[in-house]
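Load the model and keep the selection panel open. This tour goes stop by stop: select, look, move on.

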Amino acid sequence: MKQSPAGNPCVLLKEKLDATNYEKLMAIKNPHLHAFIADGVALCKPKSVFVATDAPADIKYIREMAIKNREETPLKIKGHTVHFDGIKDQGRDPENTKYLVPKGETFGKNLAQCDRDQGIAEVRGFLDGSMKDREMIVRFFALGPVNSEFAISCVQMTDSFYVAHSEDILYRTGYEQFKRIGDTDDFFKVVHSSGRVDEKMISIDVDKRRIYQDYTTQTVYTVNCQYAGNTVGLKKLSLRMAIRKADREGWLAEHMFIMAVHGPKGRKSYFTGAFPSACGKTSTSMIKGEKIIGDDLAYLRKRNGKIYAANVECGIFGIIQDVNAEDDPAIWDVLMNPGEVIFSNVLVTDGTPYWLGDGREIPEKGYNYSGEWFKGKTNAKGALLDHSHKNARYTISINDLANRDEKADDPQGIQVSGVIYGGRDSDTWVPVVESFDWAHGVVAMGASLESETTAATIGQEGVRTFQPMSNIEFLSMPVGDYVNNHLKFVAGLKEVPKVFAVNYFQKDENGKYMTGMNDKNVWVKWMELRTHNEVGALKTPCGYIPKYKDLKPLFKSVLNKDYLEADYTKQFSIRTPQQIKKLDRIINTYETKVGDVPPVILQILKDQRERLVSLQKSKGDIVPPSEFSEK
């Protein structure tokens, strides 16, 4: 952002802030920060400014104001609140989420972008005077554990106490860290305004919703929206800037969970995993009996010849659909007991929230994001309106989870044993497969990830999309360069993590799911054993698959379930036509839509295609595991 028109930022800040808040801000000796805040104040013209430190009293004020301003409503259980976004503001908005690119630069063919000068003029025009009747909140946070090599300092200005409250749950406070970093300008900046709101405090001008990233100044602008995926600047918006920063500095910023899987004799192995929204990411990181560090974002760095990862966040902004007592006991326990929880876009009846797939009887009526709701209510197109939105959410602290791993805030991070990629692939991938090596896993699994669209993104559902590393929406550099960074990342390492792909959505010829919801519990146990070379595998053209003799006892010990060899054969048969068709799609995408692709990417994909064509010619369209030999 530009420097305040008043010339000296501190002069404007002293004029616009009361003594207490001015003193809080000036305690941070950083002129770059002062200039950013001064410009935001001059642009948005708030009625007042509240500067929040890490002090409990400041954080408490934000929580109380979220309720007082009617952005959140208390629920029956102590500490629980509900927030409603507008009916047209229920998911990320890819169409209006763009990079501001200077003239002469480009992010490639498939990343949304616009001219930087034009974009800044447009979004600043919408922000101009947007807070004139409201209080601006200035928040300081750290991405990653504080006082660590992972930590990135961030500041956000917003007029939404709901947004600020959400960030308190999701991120580590960073006011004191800002004091320690000195006068550097290397920090992330976010300015957000809900814009005009109605009597329900819902954004009115969603047709003017803009979410723009100016990577040249590490600044995010977001306006005329409230949905957290578009407004909590430290989440996917800052991920885009972190990817650029990681590219410059030689590390990785990823859309990945971090979890611990228990092995034999008390051993724990840590995995990261990339899954598009609603593809099983949170449920994998929350598998019963294992431990969670983070469910969404991870930074990966190299140290002592190994890869270490840390959770960018300390909370979960999770899709609540199908969260129930049987399948998600740890989350369910938090959602059903006193503590700090924000629900969004669910049904509320008599102070109790209800959502899709929660296993309870649906009330006859209540209140949801559409207003008063009753069974049989229809939307503008005449279709029945669900009692809760498919992208309804919960916001909780990981610290409240019984299965939180003790290393969740370790400034050293955790050593990565394995990387998991998973998408919605109903007719192609087997349930779990290990790559031949790091490069094969990065390209044939991570960079070839596809998924069917869900309600987490505005637009048509059920469309199969290209989702490399589950990060296509958040990339801030050409796809080929991003994938190449992964390939180069393991150079010189003593220990390279194994790479796996999983598919929980495999269907048979009748459209029936071929694996149970909890079968993933077995797949992660098998992967843990593979990272220690304690079980064998069968070599297929696509990678290594489990042997029946290893899965059968795992199903018994983990799920107390008899695992039939007939089911194994059906699940792990290689469907060569679908595999070849998928590779043709991916190769075509890299050749025609991505551009400037390192040759090694196409070579790995074409080599796998040749192996599959050869298999199809010799063994047919569906090749059972019995046709493959042990590694």
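Start with helix α14 and colour its buried residues: Lys-520, Asn-521, Val-522, Trp-523, Val-524, Lys-525, Trp-526, Met-527, Glu-528, Leu-529, Arg-530 and Thr-531. Buried means under 20% relative accessible area, exposed over 50%, and partly exposed in between, with a 1.4 Å probe and protein chains only. Helices (H or I, at least four residues) and strands (E, at least two) are DSSP runs, numbered from the N terminus.

A word on the model before going on. It is predicted: local features need pLDDT of at least 70, side-chain atom pairs count only at pLDDT 80 or more, and totals for chains, interfaces and linings use all residues. Residues are numbered from 1 along each chain as its sequence is written, and side-chain values use heavy atoms, with hydrogens and water left out.

Stay on α14. The count is 12 of 12 residues buried, so the helix is largely enclosed by the rest of the structure. From first C-alpha to last, α14 reaches 17 Å, close to the 16 Å expected at 1.5 Å a residue. That expected span is 1.5 Å times one less than the number of residues. Just after α14, select Asn-533: its phi is positive, about 55 degrees.

Next, the aromatic rings. How many aromatic pairs does the structure hold? There are 26. Rings of Phe, Tyr and Trp (its six-membered ring) pair if their centres lie within 6.5 Å; planes under 30 degrees apart count as stacked, over 60 as edge-to-face and the rest as tilted. Select Phe-500 and Trp-526. Their ring centres are 6.2 Å apart and their planes at 75 degrees, so this pair is edge-to-face. Phe-500 lies in strand β29 (residues 498-502) and Trp-526 in α14 (residues 520-531), so the pair ties together parts that are 26 residues apart in sequence. Both residues, Phe-500 and Trp-526, are buried.

Now pick Tyr-504 and Phe-505. Centres 6.4 Å apart and planes at 45 degrees: so this pair is tilted. Tyr-504 is buried at 13% relative accessible area, and Phe-505 counts as buried at 13%.

Then select the cluster that ring pairs link: Trp-523, Tyr-548, Phe-555, Tyr-563, Tyr-568 and Phe-572.

Two charges come next. The charged end of Arg-303 sits over the ring of Tyr-308, 4.0 Å from its centre. The charged end of Lys-539 sits over the ring of Phe-436, 5.6 Å from its centre. The test is NZ of Lys or CZ of Arg within 6 Å of the ring centre and within 35 degrees of the ring normal.

Move to helix α9, residues 236-249. Its end C-alpha atoms are 20 Å apart, which agrees with the 20 Å its 14 residues should span. In α9, 10 of the 14 residues are buried, so it is largely enclosed by the rest of the structure. Among them are Leu-237, Met-241 and Lys-245. Just after α9, Gly-250 has a positive phi of about 85 degrees.

Now the open sheet: 5 strands, order β2-β3-β19-β24-β18, mixed pairing. Two strands pair if DSSP finds at least two bridges between them. The edge strands are β2 (73-74) and β18 (315-319), each pairing on one side only. Inside, β19 (residues 341-344) and β24 (residues 393-397) run antiparallel, joined by 3 bridges. Ser-344 has Arg-393 in β24 as its bridge partner.

Last stop: cysteines. The structure holds 0 disulfides, a disulfide being a pair of cysteine sulfur atoms within 2.5 Å. Select Cys-44, buried at 0% relative accessible area. Its closest cysteine sulfur, in Cys-225, is 13 Å away, too far for a bond.
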